[in-house]
Amino acid sequence: MVKIFVSFLILVPAVILPAAPIVGGLGDLKKLQAQVQRVVLEKTETTVSLVSPTIGASGSGVIISSDGLILTAAHVIERSKEMTVIFPDGRQERARVLGANFTRDAAMAKLIGPGPWPFAEVGESKSLEAGDFVVAMGHPKGYDPTRRPPVRFGRVMKKGNLDFVTTDCTLIGGDSGGPLFDLNGRVVGIHSHIAPDRRVNNHAGLSGFKRSWDNMVAGKLWGVLGGDRRDPNRPVLGLNLRKTDLGLVVDEVPRSGPAFSAGFLAGDLVISINGETTSEVQKLSEIFVDLLPGEEVEVNYSRGDSKLTKTVKLARLGDIHLNERR
Amino acid sequence: MKFFWFLSFLTTSSLIAQLGLSNAQEVTDAQARQIFVALRATGTSAKDVVYPIYSGGKRISYGISLGGGRLLTKASELRQKRGLYTANREQVALNAGISGVYADHDLAVLEVPGLEAPTVEWADAGDLSEGAFLSAIRPDGEAQAMGVLSVRERSLKSTDQGFLGIEMDTLETGKGVRVKNVVEGSAAAEVGIRQSDIIVKIAGQEVKGFYELSTKLRRLKNGEQPEIELLRNEEILQVRPTLKGREILQGVSQRLEKMDQMSGGQSRVRSGFGNVIQSDMELEVEDAGLPIVDLDGRIIGMVIARAGRISTLILPGDDIIDALKNPPAPFAREEDNMLLDQQGQQGIRRDRMRRELGLMRRMMENLQRELERD
């Protein structure tokens, strides 16, 4: 009897809590309004405008640590080394551009100066679901001294590949790089791009940012906006894989690739890379989005009855001759 | 056993619910319905004062009842429109005539003989802060759209902003801003500011660069006299110019204009207002004139323009009360004297040119056809 009761208690919350938050009446809307207003009050000053003094590129950004780390979009910084940072009150400072992963449209910069700076904590985009309420801020159409960053309120509409999140918080040029907050004021996305439909506003999810974090902090610039499978600088193992009922099977191992030197053979079954199970080719390519050539990955695979592990140093796609058999 | 049965019932029903709502669109649609049902409680006073305005069988805007058979609406949407009418709650069409306009606010007052409607009661919007929930209420009491207060009341009239009359060097030196050029006859020229002077302080505060100085200047009003400290040949000078109104129009890039255009219609007159609230609520051009309420159901203003993808502009009730204290100007259908700013004028001129081009094209096509017939 006791056992049944316990499982009942655990199951009930899971059953009665639906995916999307419920708005039961005006009281719920008032609570929601209070949450949105608190996010605005506490986080507006972390939402900065970024302008490149040399190439004129501009957009928004958000400060996420008291020592002045800024998250923004890769297409905002382009190839700038330094950005002018304009705070909502008009104060101007300078920031050094760190790294960027263009495939995720993710970039980092760091304020020059000791701080402490006003900042917002970072959250996760993984846990977001359709219907979750969010607040967007930024500097649409560039910095405007007559107003503070305009507030946009909306919901998660859907989640896409590479941790991108779509919301109905309307965005326009200049907002790029600005923050998407959850109702606790945590940064869960960075504004990236829009479609003509006003309900399609896309943000680079913070969970994706986190996977590229160390390489961005280290000042690496890589990837291609919109993603390009043919990018010659893309990191590769040098394995041609084919999806089968068993999983991903090695079809071909080009001689000039690192997998060949590591001893991979056609017919090997790849189980996981860096601990992430790989059953879909798409999932596999998402692992490589955060890596650069020269980095090492751990590949778990099976050959016949034996399970094997190898560490492989990734190569540039451009350095491998894929069609050498021809 | 009872528990088991109950449990299995719950899990299956939740499974069914989850399967049914597995699609993200269904989840967000269902949630939107909940929000709009909840908003009904806020529209009770607004729904009684709002009326649709039609021309040629098409709704062109809404109007808010001022009592005595008068409706307040957006003026520029009435241009080129003949045969205006509204419909009362019994769905009887009532003719509307334009009794006058308030050009500065782009407002028009319509006379509707026979319309019996209560008088709107405007509430103060001044205490609403960013993030406040706002909705636009239709005659049926439903919200046409819901959004938040994005930007508090401010002037979009560039001539309200202080204008010193210098071109600034955007190069960052860390201290002060170099004057690249001085506009003739400007406030700067009047006090003898020269090219290559370095402005180091304004109103007692140091400026590090272009953005700090231009922010401080544009937050000052036309007629203000800030103290400015200059560095000229390593000598410190103090001047106190009397700022003039800003006449220079901010250019909008074609890329941004395209983003606004692809995202739906925009009101022809959508800038230059003396005091407006900006909201992110998604409306159409023909939703101008809808009353805006907060979550307490107070009517805090009227939709005055759809101004692009992220922006709907709202005229605060207080400003409407102030404007209506004066008698309206006569409505001049064919003249541009009711227009707010150059942007609006250019927009209308462009629209007119486009229409005329269309007419010419049709004439050419007709000529072509007639020639081919011969």
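How many residues does the contact take from chain B and from chain A? It takes 49 from chain B and 45 from chain A, with two residues counted as in contact if their C-beta atoms, placed from the backbone, lie within 7 Å.

Before going further, a word on the model. It is predicted, so local features need pLDDT of at least 70 and side-chain atom pairs count only at pLDDT 80 or more, while totals for chains, interfaces and linings use all residues. Residues are numbered from 1 along each chain as its sequence is written, and chains are lettered from A in the order in which they are written. Chain A has a mean pLDDT (the predictor's confidence in each residue, from 0 to 100) of 90, and 93% of its residues reach 70 or more. Over residues 1–18 of chain A, though, the pLDDT is below 50, and this stretch has 9 contacts beyond near neighbours in sequence.

Back to the side of chain B that touches chain A. Helix 2 (24–39) is among the elements that give two or more residues to it, and this helix brings the largest share, 7 residues. Helices (H or I, at least four residues) and strands (E, at least two) are DSSP runs, numbered from the N terminus.

Now to a sheet in chain B. Strands 8-9-18-21-20-19 form a closed barrel of 6 strands with antiparallel pairing; two strands pair if DSSP finds at least two bridges between them. Strand 20 (residues 299–306) and strand 21 (residues 312–316) of chain B are joined by 5 bridges, and A305(B) stands opposite L313(B) in strand 21.
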